[in-house]
Amino acid sequence: MSGKPTDKPEIEPYDGPAGGWGSMKSLAEIGLRERVPPISTPHELARQNKPDGYMCVSCAWAKPAEPHPAEFCENGAKATAWELTGLRTTPAFFEKHSVSELLQFTDYELEQHGRLTHPLRYNPDTDHYEAVEWEQAFAEIGRELKALDPKSVIFYASGRASLETSYAYSLMARMYGSQNLPDSSNMCHETTSVALKKCIGAPVGTVKLEDFEQCDAIFFFGQNVGSNAPRMLHQLEDAAKRGCEIITFNPLRERGLERFINPQNPVEMTTGKATRISTQYHQVKAGGDIAVLMGLCKMVIEADDAAGGGILDAAFIAQHTHGFDAFAATCRQAQWSDIERESGLSRAALEEAARVYMKARNVLGIYGMGLTQHRLGIHNVYMLMALLLLRGNIGRPGAGICPVRGHSNVQGQRTVGITEKPELAPLDKLAEQYGFEPPRDKGMNTVEACEGILAGKVHGFIGLGGNFVRAIPDTSRMEPAWRGMRLTVQVATKLNRSHLVNGQIAYLLPCLGRIEEDMQASGPQAVSMEDSTSCIHGSLGERTPASPHLLSEMKIVAEIAKAVLAPNPKLDWDAWVADYSKVRDAIAETYPDQFRDFNQRMFQPGGFYRGNSAREREWKTASGKAEFIAPPALSATGFDDQPDLFRLITLRSNDQFNTTIYGYHDRFRGIEGTRQIVLMNRRDIERLALAEGAEVALHTDAGDRTERRVNGLRIVGYDIPEGCIGAYYPECNPLIPLWHHAEEAKVPAAKSVPVRIVQ
Ligand SMILES: Nc1nc2c(c(=O)[nH]1)N[C@H]1C(S)=C(S)[C@@H](COP(=O)(O)OP(=O)(O)OC[C@H]3O[C@@H](n4cnc5c(=O)[nH]c(N)nc54)[C@H](O)[C@@H]3O)O[C@H]1N2
Ligand SMILES: Nc1nc2c(c(=O)[nH]1)N[C@H]1C(S)=C(S)[C@@H](COP(=O)(O)OP(=O)(O)OC[C@H]3O[C@@H](n4cnc5c(=O)[nH]c(N)nc54)[C@H](O)[C@@H]3O)O[C@H]1N2
Ligand SMILES: [Mo]
C-alpha cells in the first residue's frame with residue numbers, strides 16, 4: 001500500500017473501534033511505506049516514552065512512571081517511522097527538481113522523499129537549491145542578520161525542539177535584540193495560556209496522570225483523542241472500566257471517544273471486546289460550547305437555588321473565587337431557547353449531562369482545538385473553568401483542568417523563554433545572568449508576524465522546525481508577501497512548502513531528529529522536554545543519523561549565535577554544544593524553582609513535576625482568587641448566522657501530523673484515498689440540492705473584500721450537525737482570514753470559518 005491518493009477514493013463508514021487489529025495492520029504498513037529496515041522499528045519503539053529511552057516525537061501526552069511494555073500508539077509509531085525512514089532527499093533530488101516545479105507538489109509528495117541530507121542554499125538564478133558548506137551558511141546568515149533591524153526579524157519555533165535548544169534559541173534572539181518569538185502554540189493552545197492565566201493564575205493544565213485514577217466524571221470537549229493523543233486512551237479506558245462517566249461534546253462522532261480496543265491487551269484483541277469510552281456523546285454545533293457550558297452552569301446554580309444549597313461548593317466559592325455573583329446572575333438570566341439554539345442540543349440532553357456533573361465528587365475537564373480555535377475561544381475556556389469552579393473541582397485529587405497540548409515540547413518551549421510577551425520571560429534574571437539588556441517591548445506572535453510580513457515590515461524569518469507558511473491562515477495572501485523578505489532560514493528534517501516560498505536569500509538547514517544519536521565533544525547528548533502535565537523527561541537518541549552532514553538543532557542555534565552576536569564572557573556557546581548538561585545548569589539558574597537539580601532529575605521515571613500554583617489552590621490572578629468570567633455571547637464563532645452560511649471545521653485526519661501528510665487513510669472516518677472532501681449533513685445536501693460525490697468549492701464570506709476560495713472538494717454525507725461542515729487542514733487554510741482569530745490570544749479561528757458552498 002503506497003498511501004498515495006487514488007482515482008477511486010472510498011468513503012465508507014468505519015464500524016471498528018479505535019486501536020485493535022486495525023491499528024496493528026496500520027503499523028505494519030507504515031514500516032513498509034517508509035522503507036524502514038524491519039528490525040529497527042520494533043527496537044526503537046520499545047524504547048519510546050521509557051525513562052531510559054527517547055520521548056516520542058508525536059504528541060505531548062504524559063508518559064507514565066511505569067510504562068506499558070510498549071508505550072506507544074499507532075500514530076507515535078508513524079511519527080517514529082517517518083523520522084527513521086530509509087528514504088533521502090539529497091542534493092541530486094534538488095538538481096533534478098527546480099523550486100518552481102516543487103511548488104506544484106502536494107504536501108504528501110514533498111515529504112515522501114525522506115530526510116534532508118545536506119545544508120542547502122537557494123540559487124535564484126537557476127531556481128534550484130544547491131548544497132553549501134555549513135561554515136559558509138552560518139557566515140552569510142550572520143552577515144545578513146547583522147545588517148537587519150533585529151525588530152524586523154522573526155524567530156519561530158514549532159514545538160518540537162528540546163528545552164535545551166529552545167532556551168538557547170530564545171536567548172540568542174533576545175541577545176540579538178528581538179523578542180519576536182512566536183511558537184506553534186500561537187496557533188494552538190495560546191487561548192489556554194491566556195485564559196487559564198487570567199482565571200486561575202497558571203497558564204497550563206493542573207491535572208496529573210494520577211488524577212485519572214480518582215475522577216468520577218470527565219467532561220471532554222473538542223479533542224480527537226484516538227488520532228491526536230492516542231496514549232491517553234489507556235487512561236480513559238481504565239477510568240471507563242472503573243465506572244467513571246465520560247461526557248463528550250464534539251460535532252463529530254470521533255471513534256476513539258466511542259470505543260477502544262487496547263492493542264496491548266491480548267484478551268481484548270482476541271475477543272474483539274471494545275471498551276465503551278463515552279457514556280454520553282453530544283454532537284454540539286461548532287462554536288456552540290459556550291452555550292453548552294452556560295446550560296450546564298445554569299442547571300447547577302438553579303438546582304442549588306432550589307435545594308437551598310448543598311450542590312455548589314459554597315465554602316470553596318467564598319474562600320477561593322471572585323466574581324461568582326455576577327456570573328451566577330448571567331446564568332440565571334440565560335434563556336433555554338437561546339442555549340438550545342446556539343448549542344444545537346436539547347435542554348433534556350444538557351440536563352442529563354448536568355446531572356452527572358452534580359453527582360460526581362471529582363471531575364476533570366479535558367479539551368483541545370475544538371475549544372481554542374474560535375473567535376471567542378478564551379470564553380470557551382473560561383466557561384469550562386467556571387463549571388469546574390462551581391463545585392471546587394480544582395486543586396484536589398481527581399479534579400482539575402486538562403488542556404491536551406499538541407507538539408511534544410510545545411508547552412516546554414514556553415516554559416524556557418520562547419515567548420513574545422516580555423512579562424512571561426524572566427528578563428531581569430537573564431540580564432543579570434548574561435550581562436546584556438534584553439528587549440523589553442512586546443514582540444510579534446504568529447498573527448502579528450504575518451501582518452508584519454504583509455505590511456513589508458518583516459525582513460527576516462528563522463524557523464526552528466515547522467511549516468509556518470502552510471500552517472498559518474490566508475495562504476494565498478501570505479505566500480506572495482513572504483517572498484518580499486530579505487532572509488529566510490529553515491531548520492528542518494524533511495522538505496515542506498515553507499522551504500519553497502523563499503526570501504531573497506534562503507537557506508534550508510537539515511538537523512538531527514530526536515531519535516538519532518547526538519554525538520558532541522563530551523559524548524552522546526541527551527535532551528529534555530515537558531509533557532501536557534508539566535512533567536519533564538530526558539530523552540536519549542541512539543539511532544545512526546540519517547546523514548553524516550546533519551547537525552543538532554543546538555549546534556545550529558549556537559553557530560548562528562556565534563556568527564551574529566559579539567563574544568560574551570558569560571556565555572561560551574561552544575562549551576554548551578560540547579556538553580548539554582551545561583545548558584541545563586544554565587536553565588536551572590534562570591528558573592531555580594522549577595528546574596533545580598535538573599541534570600539529576602531528568603531521567604526520573606514519569607518525569608519530574610515542575611509544579612503548578614493553581615493545583616495548590618494558590619491563585620496568581622489580579623484578584624488573588626480564581627475568577628468567574630461571564631461570556632459576552634453564547635456563540636463562540638464571532639459572526640452572525642445567515643442562511644446557507646456554514647461553519648467550517650478544519651480537521652486533522654488519522655494519517656497526518658499537522659502539515660505532514662503520511663498518507664490518505666482517514667481510517668476512523670472511513671475516508672480512503674483522498675483529502676479533497678467536505679463532510680456535510682445529508683439534510684443540508686438535500687436542502688441545497690447538492691449530491692454526495694459532487695464536486696464543489698468553498699468560498700469564505702467574512703464580510704471583507706478579499707477573495708478566498710478552495711476548489712475541487714467532493715461532498716461526503718456525514719454525521720455532522722446541520723449548518724456545520726468539515727474539511728481538512730492545511731488544504732483549507734486559504735479560506736481563513738488572518739484577522740479571524742481568537743480575541744486576545746490571536747489563535748486563528750480554524751474551527752468556525754464562515755463559508756459558502758459554491759459550484
Ligand atoms: N497523529 C497526530 N497527532 C497529533 C497531531 C496530528 O496532526 N496528528 N497534531 C498535534 C497538535 S500540534 C495538536 S494541537 C493536537 C491537536 O489535537 P486536537 O485538539 O484533537 O485537534 P483537531 O484534530 O484539530 O480536532 C479537534 C476536535 O475538536 C472537534 N471540534 C471542532 N469544532 C468544535 C467545537 O466547536 N466544539 C467542540 N466541542 N469540538 C469541536 C473536532 O471534531 C475534533 O474532534 O494534536 C497533536 N497530535
Ligand atoms: N486550518 C488549520 N490550521 C492550523 C491548525 C488547524 O487545526 N487548522 N492547527 C494549528 C496547530 S495546532 C499547529 S501546532 C500548527 C502546526 O504548525 P507547525 O508546527 O509549524 O507545522 P508542522 O506541520 O508540525 O511542521 C512539520 C515540519 O516540521 C519539520 N520537523 C519535523 N521534526 C523536526 C525536528 O525534529 N526538528 C526540526 N527542526 N524540524 C522538524 C519537518 O520539516 C516537517 O515538514 O498548525 C496550525 N494550523
Ligand atoms: Mo498544535
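Lys and Arg count as positive and Asp and Glu as negative, while His and the chain ends are not counted. The place of a charge is taken as NZ of Lys, CZ of Arg, CG of Asp or CD of Glu. On this basis the protein chain has 82 positive and 95 negative side chains. The centres of the two sets lie 1 Å apart.

The model is predicted: local features need pLDDT of at least 70, side-chain atom pairs count only at pLDDT 80 or more, and totals for chains, interfaces and linings use all residues. Residues are numbered from 1 along each chain as its sequence is written, chains are lettered from A and ligands numbered from 1 in the order in which they are written, and side-chain values use heavy atoms, with hydrogens and water left out.

The protein chain holds 30 helices and 34 strands. These are DSSP runs, numbered from the N terminus: helices are H or I with at least four residues, strands are E with at least two. The radius of gyration is 25 Å, close to the 27 Å that the globule rule gives for 759 residues, so the chain is as compact as a globular protein of that length. That radius is taken over C-alpha atoms, and the rule is 2.2 Å times the number of residues to the power 0.38. Of the 759 residues, 68% count as buried. Buried means under 20% relative accessible area (1.4 Å probe, protein chains only).

Helix α21 spans residues 427-434. Its buried residues are Leu427, Leu430, Ala431, Gln433 and Tyr434. Their cover includes α8 (163-176), α26 (573-578) and α27 (580-590), with contact meaning heavy atoms within 4.5 Å. Just after α21, glycine 435 takes a positive phi of about 60 degrees.

Three strands form an open sheet in the order β21-β22-β23, with antiparallel pairing. β21 (527-530) and β23 (608-609) are the edge strands, each pairing on one side only. Two strands pair if DSSP finds at least two bridges between them. Four bridges join β21 to β22 (residues 535-539). Valine 527 stands opposite serine 539 in β22.

Most residues other than glycine have a negative phi, and most peptide bonds are trans. Aspartate 127, in the loop between β5 (120-123) and β6 (128-131), has a positive phi near 65 degrees. Aspartate 127 counts as buried, at 17% relative accessibility. Aspartate 474 lies between α23 (468-471) and α24 (475-482), also in a loop. Its phi is positive, about 55 degrees. Aspartate 474 is buried, at 2% relative accessibility. The peptide bond from tyrosine 729 to proline 730 is cis, with omega near 10 degrees. Proline 730 is found in the loop between β33 (724-728) and β34 (753-758).

Note on methods. Buried < 20%, exposed > 50% of the residue type's maximum accessible area, 1.4 Å probe, protein only.
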